[in-house]
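Here is a short briefing on a two-chain model. Please look at the structure first, then read the points below.

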Amino acid sequence: MTVSTKVDVIDAVLGLDSSSPVHALRERRAKLKHFTQTSYEAAFTPSDPGNFSFAMRAALAARMAGLWRSAELQAHYKELLEERGSTPGLQAIADPGVVPEGDERLATILAHVDLVTLKPREATRANIEALYAVGLDDRDIVTLAGLIAFVNYQVLVVAGVKMLRDN
Amino acid sequence: MSEAVHEFTLEPLDWQPYVRPVKLDEATTEQLEALKVTPSNTKVSNYVLVLANEAEMLAERTPLFNDIMYSEGGLSRGGREIGALAASFVNRCIYCASVHANRYIQLEKRPEVVDEIYRRGLDADLPDFEQALFNFGADLTAHPDNVGVYQFYHLREIGLDDLEILDLIHSIAIFGWANRLMHTLGEPHLKA
């Protein structure tokens, strides 16, 4: 395994090693740093992945990081996807510019991912009903919402910590 | 059933889910652990019961949220609420905004700050300290791919140190998370 899910992902993608003042700063909030990392593990290597495979989770995360042009996280999730066994279908999911055709379930999931990532304010009950209509169950919907919410949190933390690192 | 609320308000709200909450009497051991249900604490909100559909993530999220909002030292509790409010205004999470606006008032006893945000939204004209926090929060939430360096320096100008800035970043980011759950998985209604 090249991408360890045990190494702190945010330190890793921002190149914060133990000599970095921002590394030391993050350590002052060791508890939230720890739970940020365990939240990542719960999102990407859960003990029971249900209907979202490990590879699918990495592909969706790469897509979201790409939507926000978060180059560091996009590279991380693309690498994670490769490691978990990428396919042309998963590559398409990971590419924020692609809307795969002919698969209504997948298209509805990706439309939801794109909307809630970029314009959560526009989400309505109809979006959740659309997910039920293509066959997602309660748990699938909460899993998907959790993945979207976590990756967006991570994008914001990375963007903010990067400002501290560079300014 | 009361009507759903689609405009920002400071009235007490109930959150009603679009997704079925886990039923406590049918919950698995893992779900009960994530819900922190104990014999003396059986009151669990619908929101948390919805999230318990994915117990493994919920079990990490709860302590993360609490540490971000309530840890000792660093940015004031009120300052963190401003971060939460800025995110919730950009993302239009009416329920989150109402809860954290009321909490800010409770903590800081300065309802005029919240009144101005509720009157003018993202154009709110606030005292310098709150303005800097609010603007950075709105900016980071709306476009994390292009955060204004000006907004960042404004935080330094009002005297925030690095730990306080880190706390602010997390309070904004955790509402990037919370808003995307609360605003998309259900909607607020006026409390009956």
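Over all chains, the structure holds 15 aromatic pairs; rings of Phe, Tyr and Trp (its six-membered ring) pair if their centres lie within 6.5 Å, with planes under 30 degrees apart counting as stacked, over 60 as edge-to-face and the rest as tilted. This is a predicted model, in which local features need pLDDT of at least 70, side-chain atom pairs count only at pLDDT 80 or more, and totals for chains, interfaces and linings use all residues. Residues are numbered from 1 along each chain as its sequence is written, chains are lettered from A and ligands numbered from 1 in the order in which they are written, and side-chain values use heavy atoms, with hydrogens and water left out.

**Aromatic pairs**

- Tyr40(A) and Phe150(A) make a tilted pair, 6.4 Å centre to centre with 50° between the planes.
- Tyr40(A) sits in helix α3 of chain A and Phe150(A) in helix α9 of chain A, 110 residues apart. Helices (H or I, at least four residues) and strands (E, at least two) are DSSP runs, numbered from the N terminus.
- Tyr40(A) is buried at 1% relative accessible area, and Phe150(A) is buried at 0%. Buried means under 20% relative accessible area, exposed over 50%, and partly exposed in between (1.4 Å probe, protein chains only).
- Phe8(B) and Phe89(B) are stacked, 4.0 Å centre to centre with 15° between the planes.
- Phe8(B) lies in the segment before β1 (13-17) of chain B, and Phe89(B) in helix α4 (residues 77-90) of chain B, 81 residues apart. Both Phe8(B) and Phe89(B) are buried.
- Ring pairs link a cluster of Tyr40(A), Phe44(A), Tyr77(A), Phe150(A), Tyr153(A) and Trp177(B).

**Interface of chains A and B**

- Chain A gives 49 residues to the contact and chain B gives 55; contact means heavy atoms within 4.5 Å.
- About 4,700 Å² is buried between the chains, with carbon and sulfur atoms giving 67%. Buried area is the accessible area (1.4 Å probe) that two parts lose on being put together, summed over both.
- Arg29(A), Arg121(A) and Leu156(A) supply 16% of the area that chain A buries against chain B, more than any other three residues.
- Five salt bridges cross the interface. A salt bridge is a side-chain nitrogen of Lys or Arg within 4 Å of a carboxyl oxygen of Asp or Glu.
- One salt bridge joins Arg29(A) and Asp167(B), at 2.7 Å from N to O.

**Salt bridges within chains**

- The count over all chains comes to 21 salt bridges.
- Asp167(B) also forms a salt bridge with Arg80(B), the closest N and O atoms being 3.5 Å apart.
- Arg80(B) is in helix α4 of chain B and Asp167(B) in helix α9 (residues 162-185) of chain B, 87 residues apart. Arg80(B) is buried at 0% relative accessible area, and Asp167(B) at 2%.
- Lys33(A) and Glu27(A) form a salt bridge, with the closest N and O atoms 2.6 Å apart. Lys33(A) is buried at 7%, whereas Glu27(A) is partly exposed at 39%.
- Arg110(B) and Glu130(B) form a salt bridge, with the closest N and O atoms 2.7 Å apart.
- Arg110(B) lies in the loop between α5 (94-108) and α6 (111-120) of chain B and Glu130(B) in helix α7 of chain B, so the pair ties together parts 20 residues apart in sequence.
- Arg110(B) is partly exposed at 23%, but Glu130(B) is buried at 7%.
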